[in-house]
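Work through the exercises below with the structure open. Try each task before reading its solution.

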Amino acid sequence: MGRQSELMRQELEAIVGAAALDERPVRDLWPQTIMEQRASKAAPRVLVARPSGREQVASILRWATANGAIVTPLGGGSGVCGAVAPEAGELVIDMGAFDRILEVDETNLTCRCESGVNGMALEQHLNQRGLTLGHFPSSLAGTTVGGLCATRSSGQESSRYGSIEDMVLSLAVVMPDGTFAAPRPGPRSSLGPALHELYLGSEGALGVIIGAVLKVHRLPEFVVGRGFGFADLTSALEAMRAIMQAGIRPLLMRLYDPEDAVFNGYDLPLGACVLVVATTGLKAVAEAEADAVKRFVGNADDLGEEPWNRWQRHRFDLSAERLKSLLDPPGAYLDVIELAAPWSVLPQLHARVKAAIGVGGVALCHFSHAYEQGCCAYFSFAGARDTEDEARSAYSRAWEGAMSSALELGATISHHHGAGQARARWIADEMGGWMRVWRSVKEAVDPAGVMNPRALGGAR
């Protein structure tokens with residue numbers, strides 16, 4: 001350890017204590033990083049501080065600002081875009097000690113918790129009280145509340161409950177200069193913009209989220225789930241649009257394209273796809289909406305309850321360990337790219353991105369997170385090459401083609417995974433003039449530039 005690093009450790013020990021400091025490599029689950037590590041490019045060891053209270057976080061940030069030390073907040077590390085990738089000499093603030101659920105208000109249906117609370121643990125805590133947050137990313141077991149906020153996350157049941165921005169009433173944040181912004185009262189205020197929303201998707205660029213006030217919901221009385229087989233993708237997308245625009249808010253609506261249907265084990269005619277829909281609420285309401293769904297799917301084949309049951313069994317299958325194991329063989333590559341587009345654009349987006357990511361291996365797509373105006377198209381691609389250079393080249397070509405197609409067609413380049421480094425090249429293309437607003441906010445809140453430089457691709 002160099003003299004500067006030793007001095008850094010000593011000064012931080014005075015804030016959090018020696019037991020709350022350690023050195024280790026810190027990376028999220030960005031596949032490109034995993035591929036680089038496989039090719040012997042090891043992540044550097046960095047100093048990690050684990051504060052146990054607001055004043056310790058404030059003191060660390062004041063110290064960082066005074067010393068020009070780069071700081072990256074760390075939640076569960078389950079992101080897949082490279083936003084968490086500190087370099088040697090930088091500092092990580094591990095928020096794992098902020099793990100308290102402070103209050104569940106069963107009358108007003110709110111929950112106050114700290115940012116290090118695990119997403120699955122929070123859901124289980126709420127379920128014991130007959131409640132749900134309704135936020136279910138497939139990585140839920142590896143997430144934290146702060147991380148879900150910082151990435152502007154969305155979950156599998158978003159068509160009913162919304163995404164994280166619909167669930168957060170307010171936030172508790174420590175600014176880069178150590179000042180504190182407490183949660184504002186709710187359920188709504190017209191006193192200026194809802195400034196806490198600047199932190200939803202900020203990826204640690206504006207300070208440290210230490211707590212949240214969340215909306216919760218009562219668990220539904222009844223759920224009806226079924227699958228339907230469609231002869232073609234266009235008619236299935238039309239059914240999804242009709243369901244959403246009729247005012248139905250399904251618990252789940254997920255459409256697998258023909259290749260993804262086969263990949264998920266469905267035995268259907270060539271070119272067919274599968275739509276899984278679940279309605280929920282009071283028993284009579286859930287059943288009535290399920291009947292309405294049947295009308296909207298028209299002549300599609302009724303596949304019964306098994307597609308819904310199958311989805312429930314496998315909804316959390318892609319764990320961090322599974323992702324790393326799939327990328328373990330030399331020359332392997334894979335990733336997922338989630339875009340969002342209006343209904344009228346989705347068929348063309350699907351065709352163009354599938355062609356772009358089908359660079360010699362697996363190319364799949366499902367549609368989910370539906371709105372009246374459109375939905376998310378979630379693409380998965382994988383393959384293998386003889387050398388690491390060839391694997392990285394194929395991987396990069398897939399990303400380039402997908403991003404170019406999205407921008408040319410007016411789709412978003414990310415629906416719910418955030419930006420990080422993965423989308424750095426294309427962020428300004430989507431944000432346009434709003435990039436100036438972001439840079440102005442960043443410079444005003446963090447004038448010393450100490451907060452995560454890889455957030456939103458390092459945009460300043």
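The model is predicted: local features need pLDDT of at least 70, side-chain atom pairs count only at pLDDT 80 or more, and totals for chains use all residues. Residues are numbered from 1 along each chain, and side-chain values use heavy atoms, without hydrogens and water.

**Exercise 1.** Check the length of helix H3 (residues 54-67) against its number of residues.

Solution. Helices here are DSSP runs of H or I with at least four residues, and strands are runs of E with at least two. The expected span is 1.5 Å times one less than the number of residues. For the 14 residues of H3 this gives 20 Å, and the end C-alpha atoms are 20 Å apart, so the two agree. After H3 comes Gly68, with a positive phi near 65°.

**Exercise 2.** Find the buried residues of H3 and what they pack against.

Solution. Buried means under 20% relative accessible area (1.4 Å probe, protein chains only). In H3 the buried residues are Val57, Ala58, Ile60, Leu61, Trp63 and Ala64. Their packing partners include helix H1 (3-16), strand S2 (45-49) and strand S10 (208-215).

**Exercise 3.** Describe the surroundings of Arg254.

Solution. Arg254 lies in strand S13 (residues 252-256). Leaving out residues up to four places away in sequence, Arg254 touches (heavy atoms within 4.5 Å) several residues, among them Gln156, Trp311 and His366.

Definitions and conventions. Buried means under 20% relative accessible area, exposed over 50%, partly exposed in between (1.4 Å probe, protein chains only).
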